[in-house]
Amino acid sequence: MTAEMNSSPEDLRIEERKPQPQTRLLAIGENVCDLYLTAGKMYPGGQCANTAVYAAMRGAKAAYMGVFGSDRAAAVCRCGLEAYGVDLSHCRTIHFCKTY
């Protein structure tokens, strides 16, 4: 939008946006969990998992496709993704395997 110095407020009206279809995103890849031993805390993440969360935070219908282990770190990652409404229906769990 451009305006000249002597423009009136009526000249600066912004056109109403037409409703757009909801953005959909499928992030495919890794999930990891950072463990801070001295603090006793775990933080879920991984580039693809983070991308799905950020897309969901911006209003997209986000899904994640990846593999989880069956350990505590996997549970932390799953809970983190679910907390932001990321669809995990495309994921697999490998039992007796660790999430890094």
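The exercises below go through a predicted model of one protein.

Residue numbers start from 1 along each chain as its sequence is written.

**Exercise 1. Overall layout**

Find how many helices and strands the protein has, and the pattern they follow along the sequence.

Solution. Start with the definitions: helices are DSSP runs of H or I with at least four residues, and strands are runs of E with at least two, numbered from the N terminus. Counted this way, the protein has two helices and six strands. Along the sequence they are arranged as β-β-β-α-β-β-α-β. Next, take burial, where buried means under 20% relative accessible area, exposed over 50%, and partly exposed in between, with a 1.4 Å probe and protein chains only. Of the 100 residues, 26% are buried.

**Exercise 2. Asn 31**

Determine where Asn 31 lies and what its side chain reaches.

Solution. First, the location: Asn 31 sits in the loop between β1 (24–28) and β2 (32–36). Second, the burial: Asn 31 counts as buried because its relative accessibility is 8%. Third, the partners: a polar contact is a pair of N or O atoms within 3.5 Å; within protein, one must be able to donate a hydrogen and the other to accept it, and residues adjacent in sequence count only if both atoms are side-chain atoms. The Asn 31 side chain makes such a contact with the side chain of Tyr 64 at 3.0 Å. The side chain of Asn 31 also reaches the backbone oxygen of Val 67, at 3.0 Å.

**Exercise 3. The two sides of α2**

Work out which residues of α2 are buried and what covers them.

Solution. Helix α2 covers residues 72–83, twelve in number. The buried residues in α2 are Ala 73, Ala 74, Cys 77 and Leu 81. They lie on the same side of α2 because their arc around the axis, taken from the directions to the C-beta atoms, is only 100 degrees. On the other side, Arg 72 and Ala 83 are exposed. The cover over the buried residues includes β2, β3 (41–45), α1 (47–57), β4 (61–65) and β5 (67–68).

**Exercise 4. Positive phi**

Locate Phe 96 and state whether Phe 96 is buried or exposed.

Solution. Phe 96 belongs to the segment after β6 (92–93). With a relative accessible area of 85%, Phe 96 is exposed. Its phi is near 60 degrees, a positive value in a residue other than glycine.

How values were computed: This is a predicted model: local features need pLDDT of at least 70, side-chain atom pairs count only at pLDDT 80 or more; totals for chains, interfaces and linings use all residues. Side-chain values use heavy atoms; hydrogens and water are left out. The expected span of a helix is 1.5 Å times one less than its number of residues. Contact means heavy atoms within 4.5 Å.
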